[in-house]
Amino acid sequence: MENKLNIGFVSFSGNAKEYRNAVDKFDNLSFKGAYFPKDDNSFENYTEYCFENYQDLLDVADIILFCGEKIQRKFIVDAIRSLKHILIDDYTCVLNDSIVSLCNFVDEAEVIFQVSMPKVYYWEIREIIETYKNIRYINFDKSIDYNHQRTTIDIIPEILSVIKIADSEVVLARNKKLQLFIRKSELQQINFEFLNGINACIKANPCAFYDNHELTIVAEKNMALIDLRKREWHNLVYKTSTTEPIKELFLLDEVPFIERNEIKDLIQSITTKTEPFISLKSIRSLWKCLELLKTK
C-alpha cells in the first residue's frame, strides 16, 4: 500500500504513550487524533487533537487502536462495521464469550484485527515456530520466588504460546492443582493434546525458592531448552540418524520497542492481506481452551 495509513486512538490509557511514539517511526502511518468515551478520564495525559464524536474518528482513520481493558464492545463492533482495521492493546477486553461473534464480524468485513500480548513477542515465539518443524512435545516450566502477597501465576501468555507453537486445535485440556499450605497457593499443571498429535504441558509454581522460566520443545530431529529469563537458547540437533547430536547455544537478543514491532506487524498484514501474528482468531482459540479447562 503506497498511500499513508491513518490511525486513531480510542482512549489514552495503558501503553498508549508508547504506541503514540511508535506511530511517528513509520513514514507510511499518520496519527489523526483520539476519542475518549464518556466514562474515560485518560484525556488528562493527552495533548493532541481530540474527537468529540466517535463517528468523526471512524471517518478519517484506517486503523483504530483501542487502549485499556474497559473498552465497550459496541465501539469495537462499530469500527469493524466501518471497515476499519483494529489493534487491541489489552487482550482481556476481548477474551470473553462475545469473541466468536466478533470473529464473524471480522471475517465478514475482511479487516485485519490484531491483539497485543507483549510477552509472546518478547519471547520470540514466532522465531521458535519457524525454527522447529514436526514438533511433538512442548513444555513450559514457570516458577516464581515466594511472595506472601501473591498466590497465583498468570500463565495466559504461556497458554497462547503453546497454541501458537502447536498450530492446531486443542482436543483435550486437563488442569491439575495441588493445594499448598501457604495462603491458598497452588501448584498448577495443565496438560494439552492437539488434533495434530502434539502434546504440551505448562507447570506453574507461585511459591518457589527462586525464579525460573523455561520452554522445552521436542521435535523430530531437534530438542531445545530455552531459558526465557536468561535469554539462552540451547539446541540439540541430529543432522543424520547415524551421527552424534550437535549441541548448540544461542543468545536471544533483547526485543525493544514491542509496540513498534506490533504496529509493523499490523501494517504488513494490512498490506499483504494476511493474518497478524496474534490475531483475533488466536485469542478465540485461547478463549476456547480456557473454557475447556473450566469444564474439567
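Tutor: A crossing is called left-handed when the near helix is turned anticlockwise from the far one by less than a right angle, and right-handed when it is turned clockwise. Helices are DSSP runs of H or I with at least four residues, strands are E runs of at least two, and both are numbered from the N terminus. This is a predicted model, in which local features need pLDDT of at least 70 and side-chain atom pairs count only at pLDDT 80 or more, while totals for chains, interfaces and linings use all residues. Residues are numbered from 1 along each chain as its sequence is written, and side-chain values use heavy atoms, with hydrogens and water left out.

Start at helix H4. Two packed helices are described by the angle between their axes and the distance between the axes. Axes here are lines fitted to C-alpha atoms, for helices over the stretch in contact, with angles from 0 to 180 degrees between N-to-C directions. Helix H3 (residues 73–81) and H4 cross at roughly 20°, and their axes come within 9 Å. H3 and H4 are therefore roughly parallel (under 35 degrees; over 145 is roughly antiparallel, 65 to 115 roughly perpendicular, the rest oblique). H3 passes H4 in a left-handed crossing. On the H3 side, the contact (heavy atoms within 4.5 Å) uses Arg 73, Ile 76, Val 77, Ile 80 and Arg 81; H4 supplies Ser 101, Leu 102, Phe 105, Val 106 and Ala 109. By class, the contact of H3 with H4 has seven nonpolar, one polar and two charged residues. Ala, Val, Leu, Ile, Met, Phe, Trp, Tyr, Cys and Pro count as nonpolar; Asp, Glu, Lys and Arg as charged; the others, Gly among them, as polar.

H4 also meets H9. Helix H4 (residues 99–109) packs on helix H9 (residues 280–294) at about 160°, with the axes 10 Å apart. H4 and H9 are therefore roughly antiparallel. H4 passes H9 in a left-handed crossing. Ile 99, Val 100, Leu 102, Cys 103, Val 106 and Asp 107 of H4 make this contact with Leu 280, Lys 281, Ile 283, Arg 284 and Trp 287 of H9. The contact of H4 with H9 has eight nonpolar, no polar and three charged residues.

Now move to H8. The axes of helix H1 (residues 16–23) and H8 cross at roughly 60° and come within 8 Å. H1 and H8 are therefore oblique. H1 passes H8 in a right-handed crossing. Glu 18, Tyr 19, Ala 22 and Val 23 of H1 meet Glu 259, Arg 260, Glu 262 and Ile 263 of H8. The contact of H1 with H8 divides into four nonpolar, no polar and four charged residues.

Salt bridges come next. Asp 265 and Arg 126 meet in a salt bridge at 3.4 Å, N to O (a side-chain nitrogen of Lys or Arg within 4 Å of a carboxyl oxygen of Asp or Glu). Asp 265 sits in helix H8 (residues 258–272) and Arg 126 in helix H6 (residues 125–131), 139 residues apart. Asp 265 is buried at 8% relative accessible area (buried is under 20%, exposed over 50%, partly exposed in between, with a 1.4 Å probe and protein chains only). Arg 126 is partly exposed at 34%.

Follow H6 onward. Asn 134 lies in the loop between H6 and S7. Its phi is positive, near 55°, and Asn 134 is not a glycine. Most residues other than glycine have a negative phi.

Next is S7. Lys 142 and Glu 158 form a salt bridge at 3.2 Å, N to O. Lys 142 is in strand S7 (residues 137–145) and Glu 158 in helix H7 (residues 156–166), so the pair ties together parts 16 residues apart in sequence. Both Lys 142 and Glu 158 are buried. Eleven of the eleven residues of H7 are buried, so H7 is largely enclosed by the rest of the structure. Asp 167 follows H7, and its phi is positive, near 55°.

Finish at Arg 231. Arg 231 forms a salt bridge with Glu 254, with the closest N and O atoms 3.7 Å apart. Arg 231 lies in the loop between strand S12 (222–227) and strand S13 (232–237), and Glu 254 in the loop between strand S14 (246–251) and H8, so the pair ties together parts 23 residues apart in sequence. Arg 231 is buried at 4% relative accessibility, whereas Glu 254 is exposed at 54%. Elsewhere, salt bridges with shared partners join Arg 20, Asp 24 and Glu 48 into one network. Arg 231 has a positive phi of about 60°, although it is not a glycine. The salt-bridge count comes to nine.
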